[in-house]
Amino acid sequence: MDEEAVEDLVIVWQDVLDEIAAGRPDNLRCPYCGRTPLKVETEGRRTRIGCDGCGKYIEGAFGGL
Ligand SMILES: [Zn+2]
């Protein structure tokens, strides 16, 4: 995945990332299909946020977790 693709992904997931950064990981909604809740998995400093409905996900080192 190139950097530009990651930036686009972050824009799509921005609301979700904001919720996590604000300490509200229970109130997450998929930006693609609207499904809730989302699955959040952490592994070391990396976090993966995924949707069981449509299979979209974002993975990276996000602040606030
Ligand atoms: Zn979804």
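1. Two residues count as in contact if their C-beta atoms, placed from the backbone, lie within 7 Å. By that criterion isoleucine 49 touches Trp13, Val16, Leu38, Val40, Tyr57 and Ile58, leaving aside residues up to four places away in sequence.

2. The model is predicted: local features need pLDDT of at least 70, side-chain atom pairs count only at pLDDT 80 or more, and totals for chains, interfaces and linings use all residues. Residues are numbered from 1 along each chain as its sequence is written.

3. Ile49 and Cys51 belong to the largest nonpolar core, which has 10 residues in all. Such a core is a set of buried Ala, Val, Leu, Ile, Met, Phe, Trp, Tyr and Cys residues joined through C-beta atoms within 7 Å. Helix α2 (residues 14–21) gives the largest share, three residues. Helices (H or I, at least four residues) and strands (E, at least two) are DSSP runs, numbered from the N terminus.

4. An open antiparallel sheet is formed by three strands, ordered β1-β2-β3; strands pair if DSSP finds at least two bridges between them. β1 (39–43) and β3 (57–60) are the edge strands. Five bridges join β1 to β2 (residues 46–50), and glutamate 41 stands opposite arginine 48 in β2.

Methods. A residue is buried if 20 or more other C-beta atoms lie within 10 Å of its own, exposed if 12 or fewer, and partly exposed in between; C-beta atoms are placed from the backbone.
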